[in-house]
Amino acid sequence: MALSETESGCSGGEGGESDAIVEASLLGGFSESSETRALISSLPEVHGDPLTSESATERFLVIMNRYQEQPHLLDPHLEWMVNMILDFVRSEKSSPSLVHLSFRFLYIICKVRGYKVFMQLFPHEVADVQPVLDLLSRQDPTDSETWETRYMLLLWLSMTCLIPFDLYRLDGHLEPESGKATVPIMDRILAVAKAKLFKHGKRDDLLQYAPTVLQCLEQKHLSESSQATLRKLGVKLIQRLGLTFLKPRLAAWRYQRGNRSLAANLSMSQSTTTTAAVTEMETQEQEEDYDIPEEVETVIVVPLIIKSLTYEEKRGACSVGSNVRDAACYVCWSFARAYEPKELKPFVTQIARALLITTVFDRNVNCRRAASAAFQENVGRQGTFPHGIDIVTAADYYAVGNLSNCYLNISVYIAGFPEYTKAMIDHLISMKINHWDGVIRELSTKALHNLTPQAPDYMATTVLPQLLPMAVGIDLQGRHGAILACAEITHALYKLGLQTNRGFGGELMRPAMCGLIEKLSLSKMPFKNDPVITGWQWLIDDTIKTLHLVSSGVKDSVMGAVVSALSALCEEYYQSELGQADSQIQDVLVSQYIEGLKSPQMLTRCGSALALGCLPRFMIHGKLKQILDGLQQMCTASQKEGTFTEARRDAVKAIAQVCLKAGVCANGSPDSDLCSENVAEVYGTLLDAMNDYTTDSRGDVGAWVREAAMTSLMEVTMLVASSAPEILSPDLVKCTMCCLAQQAAEKIDRYRAHAGNIFLSLLHSTEPAVLHIPHREELLTIFPLLSFSLCIDSPHVMSFSTTMTSLNWNAPSQAFKYITELLRLPEYQRHTLLGLTVSVGGITESTVQFSSQWLFHYLRGIEKNNAALEQFGETLLSIFRDNLRNDRVSIPFLKMLNQILANSCFEIFTTQENHPFCGELLSLFKEFKRTKDISKLRACVTVFCGLIQFQGDVRKKVLSQLLMLLCHSFPVIRKTTASQMYEMLLTYDDVIDPEVLDDVMNLLSDTNWLSDLATVRTHRNQLCDWLGVPRPQLKVANNKQQSFYVFSSCRTELTPLSFIHRAPSRLPDHLRLQKSRIKK
């Protein structure tokens, strides 16, 4: 019996549902036995009244349903319940309504206990066969109210058929009654079970009747019936007939079990190999000689399978048919295994098209994957599917999982093979743009847009005329899809028209045409003032405007061909007189290309800049200021926005080219020459470009601009030095050499090498010699002429080499040894140290290793020189002060400063009380108090721990900062700060009183700093007391509602760094040993 609520420990109230579950799971037996007996006994009285009959049935159903989870509890009572009910059934006095009600009770019991257990309780003696069969024969199959009766009688009959007794003996020798022949028992049973004959019967027994059954079935036209069940059963019967017609065959690849003994298998393998091979060949020949019956052609029809692959029927707001399409995919998969390639060859194209259409356009992901698997199986086994391997690679199991990818990408790839193009387009037009799902309609129209380039003529002449009637049809969904499809196809055809001679053909023809223009111009063909020149100029200008349509792999070659053609064309055909430009053409071209510098297309800007740079001298004359202003404005504006990096690179190159073409004249006009009035502006633009550190998803793209600026600076400097050295001021030369020194000290090998080679080229140049280079003699000592091999790809830079050891600027192990020597020269110290900062604080192991090594080598050389160290410290602070908000410099700077402090490079400062270097450094850290940059915060923590070695009030301030960080809002920062303080105290044992050292160390190491702030704050305050530092107090800033800690008792209010973090590092072995000693 079930436990009560009190016994189960539950009381009423809100836990009703859980109580019910507990009660149901604790049933101890069939507690309603008496009530059930009474209900069954009352059946003769209640069967006549529908109300009482229904009431008794519902109550009995409620009782039985309680035991759905524990039906075994009914087992001791099943026998008497079944016997009581069967007594009513067997009684000749029982009316049909009582019999049906009795079988309904039996069905309820059977449903709860399960038919496999329940059917064993039916009487199954020989005497029971005839009555059960008679009762079943009297039932009306069309009566939906008595289906429980027929169900239970079939169970009972199936049980009686298991008796080990020949059923024909039941017929006896009875004479026919009333002149009617007696039907044998076996025939009567078969009449009941005839629906299952072809499923469970033997093929040899049924084969002779199969053609007749198939003929009768075809005459019934069940496929046209309005009853779905009848159509389904007809299909199932046709399936069984098809299997009956076909001869069973064993697969050659089936598993064949050998002997249990490995030795027996090995001994038999050699002797049976030949016999097995012969037997297998004979069997295969016999199977191949077997003729397939003609009737099977009615069962298996390829067009029907093709139609089934795209079958879909709308039902309300959804559709059905995915199970049909999935089954059709399985049939196609089985084709690959069942037929030889030559047999399937006539249908290959149809099957391949249908499978690929399902693979990419089916709404159901399972159908798409099933079709992909079927296509793959046919490709592997048949080998005749067009472009099978390529398509299988692109449309594999995972690729077809994304519906958008299938419609917009994979379909385009497959449509690239002409065998599938029109079939895919036709399917989208006929079945997808009018689909009930709006997402499918939109994807279909976008797919048509993408497929238009594959068959533009077919789209224009066939598809669009089909869509126009649909766009005004009565089907709302069809109208919607047709209008969208017309829009997408029209737009695609328009873009295709724009790309005429700009696609793959244009990428070949346009450079070729530009090459033709160049060669004809160089050949001085007599086309001056000929209309063909206008056509040539249009081709050049149109190519510049449409460079963004050219694929990235060939855009450089196209741009180079355009620039060469324009230069040759101008040189030959745009001079009114020798050395004098046609003013009208000059105005048009210069204005056009300057306007192109403002284009929203980056490649148009690039082409316009290079076009200005390639103009001959006579085209620049009188327009130099206008051209330089346009190039400078584009460089300045785009650098501030961080966009159009490649355009800035080409503009910087163009500035140098324009200056080289215009020439230098000290007292010349700024409209025509590089002179004293505009040289400073040119240098200013190029030097600004040297500080371009733009980054995007591709990385440091600003390096392209810096590289171009270095080359342009070198070219302009050599030009001015050779023609008008008097306009080359010392400041311009100094800025140029310092910027080159900075780039030569930075972390990217390629650009460091480029800067170093240019630096040495300017230094060693003698024809012309570059004047006003700071510390020339010292530089020549550091970089002697015969020690290096220089090679710069520029006509204005000398190229020389030597057989002696050369300096490889690309190798950090060589470059930093020499570049750090510039730190000794005051003019170069700041820029060199700025470049070294990003190298020492970088992430490339070799660069960090060798830049740090030679930086510390320099610092060890001046560690006893107070003046030199003071100067180095001032330079360090200056760099930090100027780049506080520049993460590119500030984060590497903090890493470098940490290494400098860790290597005791400022030891001479630490011996002085309250040295100003540390105080100024701490004041600069206030800028970081609200930063959330994790890498910056970690670096700050390590620097604080390194600053603890300074004497005086500075140490107290550093401790105050660290103690406040122990109660930071980020748990990881609290933990990291504690770890760093522990390591700091092990390293600098004179920081605190030795009497409390052990207590401080234990508290730092044993406290869980990841706990809540209330717990952590108690331990932090204890540390404050031990270290003699006032406890911080929480102060709320009213303007921004942000809280931070201050030390109220300090003379100067200290604002902490609110977000400082450093990843915990492993303690060195000697520190771990020292920690273990302290704990002991």
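How far is the sulfur of Cys1024 from the closest cysteine sulfur, and in which residue does that sulfur lie? The gap is 8.0 Å, and the partner is Cys967. That is too far for a bond. The model is predicted, and the distances here are computed from its atoms.

Cys1024 is buried, because its relative accessible area is 0%. Cys367 gives a second case. Its closest cysteine sulfur belongs to Cys329, 6.0 Å away, again too far for a bond. The cut-off for a disulfide is 2.5 Å between the sulfur atoms. Cys367 is buried as well, at 1% relative accessible area. Across the whole structure, the search finds zero disulfides.

The largest nonpolar core holds 177 residues. Leu631, Tyr828, Phe872, Leu876, Phe906 and Leu1004 have the most contacts inside it. Helix H37, residues 702-723, gives the most to this core, with eleven residues.

Setting aside neighbours within four places in sequence, Phe872 contacts Gln829, Leu833, Leu855, Tyr858, Leu859, Ile862, Ile900 and Phe906. One of these, Gln829, sits in helix H42, residues 826-840. Is Gln829 buried or exposed? Gln829 is buried, since its relative accessible area is 4% and buried means under 20%. Not counting residues up to four places away in sequence, Gln829 touches Leu822, Leu823, Tyr858, Gln871, Phe872 and Thr875.

The surface has a nonpolar patch too. Leu508, Met509, Met513 and Leu516 form it, with about 390 Å² of accessible area together. Leu508 belongs to helix H28, residues 504-522. With a relative accessible area of 64%, Leu508 is exposed, because exposed means over 50%.

Charged pairs come next. The structure holds 29 salt bridges. In one of them, Arg104 pairs with Glu148, and the closest N and O atoms are 3.7 Å apart. Arg104 lies in helix H6 (residues 96-113) and Glu148 in helix H9 (residues 147-160), so this bridge ties together parts 44 residues apart in sequence. Arg104 is partly exposed, at 27% relative accessibility. Glu148 is buried, with a relative accessible area of 10%.

Another bridge joins Glu572 to Lys524, with the closest N and O atoms 3.2 Å apart. Glu572 is in helix H30 (residues 555-573), while Lys524 is in the loop between H28 and helix H29 (531-545). The two residues are 48 residues apart, and the pair links distant parts of the chain. Lys524 counts as exposed, at 57% relative accessibility.

Asp587 and Lys623 also meet through their side chains, in a salt bridge of 2.6 Å, N to O. Asp587 lies in helix H31 (residues 583-596), and Lys623 in the loop between helix H33 (617-620) and helix H34 (624-641). The pair therefore ties together parts that are 36 residues apart in sequence. Asp587 is partly exposed, at 34% relative accessible area. Lys623 is buried, at 16%.

Note on methods
Residues are numbered from 1 along each chain as its sequence is written. This is a predicted model: local features need pLDDT of at least 70, side-chain atom pairs count only at pLDDT 80 or more; totals for chains, interfaces and linings use all residues. Side-chain values use heavy atoms; hydrogens and water are left out. Patches are made of residues with over 30% relative accessible area and no salt bridge: like charges are joined within 9 Å, nonpolar side chains (Val, Leu, Ile, Met, Phe, Trp, Tyr) within 5 Å. Accessible areas come from the Shrake-Rupley method with a 1.4 Å probe; for residues, only the protein chains shown count as cover. A salt bridge is a side-chain nitrogen of Lys or Arg within 4 Å of a carboxyl oxygen of Asp or Glu. Helices (H or I, at least four residues) and strands (E, at least two) are DSSP runs, numbered from the N terminus. Buried means under 20% relative accessible area, exposed over 50%, partly exposed in between (1.4 Å probe, protein chains only). A nonpolar core is a set of buried Ala, Val, Leu, Ile, Met, Phe, Trp, Tyr and Cys residues joined through side-chain atoms within 4.5 Å. Contact means heavy atoms within 4.5 Å.
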